[in-house]
Amino acid sequence: MLDHGAMTKGDSDIAGAGVILAFLLSAYITFGAVLLAYLTGQVDAELLNDVDTRILRIRSTASKHPRIHATLRQAVLVLSDQQVVTGIAIMGAGFRRLTDGFVSVYHFQIALYLAWMSSSVHLSALTILATHLNNHPALKVWRLCGMLVLLVLLLIGLVPTLSNDWGIDYWPGMVDGATGWGIPADCFWGQMWGDGINPDAVFGIIVLITSYVWKVGGLFASARRAFRRWFRHPLEWLMESTLSYLARKHKDCNERSRLWLWLFRLAVAVYIPVTTALECAASFSASLWVSALGLVFGTMQIQIPRKQNLDLTATIEDNYRGFGQLVPLILLVQPAGAVFEHLWKEDQGAAPAPANQPQIGTLDMQEFEINDNPDVSEDLPLCSTSRSLLSYMAHQKPQPISYRTATRTPVLELLYSSRLFAGIVWLNHLSVLGTSIFLFYTDSLIIGNASTSNWLFILAAVGVYGALSFVVTLVITPCSRLGTCG
């Protein structure tokens, strides 16, 4: 069967037009609600870091408009719950047919990526609901349990996609009317068929696990502290120690001061892009990127195979709008009803929930603590936006790792006062956008025909971004306070 392909048969419970439309609408409406809340500032202040507030100019207005904030939060809460439940349900249907041997590669692909989209959207919803969930531990626990179940189902579902022969529409030797999409999905369970492992599938598993650890781990203060203590703070200390050493050498060695100055600038050209990446990853905008890219990727993995199979007469059943097609669409009314009920209760006199309680959010808090490092000179201010980074590092020793309890350090404050740092942040976002457009364009041409090799393009894009940000920083640094002698 693998050599000759198989005829794709309809399965309206998985690939029905109503089912797919309901999933897509629900996912995009959920993402739209989160994006709207972000752009209008209806996000708790502790969920925004300096990239959001000082560079992207997003200001939290939740405390000024508690009614709007509470309504949007309730909408996102209901929609995100629907995403988890429907994601688990569609994967359950796919696995049920897989065990019976009645699900094709095409239909299992649709079930898998509908659940993938649900997962991606829920991660951003989880971020915007962080303060609310931390204030209501019971809500947080059962949602995390649902996310864990969905993660396990997705990881298991990705196993058959490891074969390089998965999801290929046609290859020589197929009989008329048969495709690779029609082959039973269980034929690929643990079987590579001599063509090796698809690197994209391995990369997808790594991305999925990393996304969950990153966003779910951010809900817990202990996880955030552990990340800062064992990764970020040692990395920052190492880079700042290097900068401090070079700055002191430049100050003390008059004969070779120009050499030490350029060595300092080279170190800055590494320090700024790395710090930018860490700051962007800790911003709320990063959660939006995760969801947006997951949505577009999942949509393409569903719609392109569906288009390739629509010409086959066997898929007419997928377009039949019966009871099973209409129920998912009708269920979309449920979130609207929940929001209306919330507004009705407030109109009856119920006090809206406080919009901005002093609780711990998912991202780094914006506290600023005075440097109590005894090795730091007291005759200079800790941070002045008019001073150069070179002058600052020449007189200030980096904070020891044990003293780094604040996320807004004096050096970081100096970086944010520079337009160069803001420019590298925008370069980071433009790089993600440009890489995504290129990948999605190539995927639209390759899906169903060959392995997409996304992993190779992504690694190349990371390398290009690293090299470009290094060169841009190095060229502009002599004109910026981050690399001048003033």
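E279 forms a salt bridge with R232, and their closest N and O atoms lie 2.4 Å apart. E279 sits in helix α10 and R232 in helix α9, so this pair ties together parts 47 residues apart in sequence. A salt bridge here is a side-chain nitrogen of Lys or Arg within 4 Å of a carboxyl oxygen of Asp or Glu. Helices (H or I, at least four residues) and strands (E, at least two) are DSSP runs, numbered from the N terminus.

This is a predicted model: local features need pLDDT of at least 70, side-chain atom pairs count only at pLDDT 80 or more, and totals for chains, interfaces and linings use all residues. Residues are numbered from 1 along each chain as its sequence is written, and side-chain values use heavy atoms, with hydrogens and water left out.

### Overall picture

The protein has 17 helices and zero strands. Of its 486 residues, 52% are buried. Buried means under 20% relative accessible area, exposed means over 50%, and partly exposed lies in between (1.4 Å probe, protein chains only).

Contact means heavy atoms within 4.5 Å. Among contacts between residues at least 6 apart in sequence, 84% join residues at least 24 apart.

### Salt bridges

Side chains of opposite charge can pair when their charged atoms come close. The count in this model is four salt bridges.

| Pair | Closest N and O atoms |
|---|---|
| E279 and R232 | 2.4 Å |
| R232 and E236 | 2.8 Å |
| R143 and D81 | 2.6 Å |

R143 and D81 link distant parts of the chain. R143 lies in helix α7 (residues 137–157) and D81 in helix α4 (residues 66–100), 62 residues apart. Both R143 and D81 are buried.

R232, E236 and E279 are linked in a network of salt bridges. R232 and E236 are four residues apart in helix α9 (residues 221–252), so about one helical turn separates them. R232 counts as buried because its relative accessible area is 4%. E236 is buried too, at 8%. E279 is likewise buried, as is R232.

### T276 in helix α10

Helix α10 (residues 257–281) also holds T276. T276 counts as buried because its relative accessibility is 0%. Which residues does T276 contact, leaving aside its neighbours within four places in sequence? They are F421, I424, V425, N428 and Y465.

### Helix α17

Y465 is one of the buried residues of α17.

Helix α17 (residues 454–476) has 23 residues. From first C-alpha to last, α17 reaches 32 Å, close to the 33 Å expected at 1.5 Å a residue. The expected span is 1.5 Å times one less than the number of residues.

A467 is also found in helix α17. A467 is partly exposed, because its relative accessible area is 42%. Its C-alpha atom is 9.7 Å from that of V270, although A467 and V270 are 197 residues apart along the chain.
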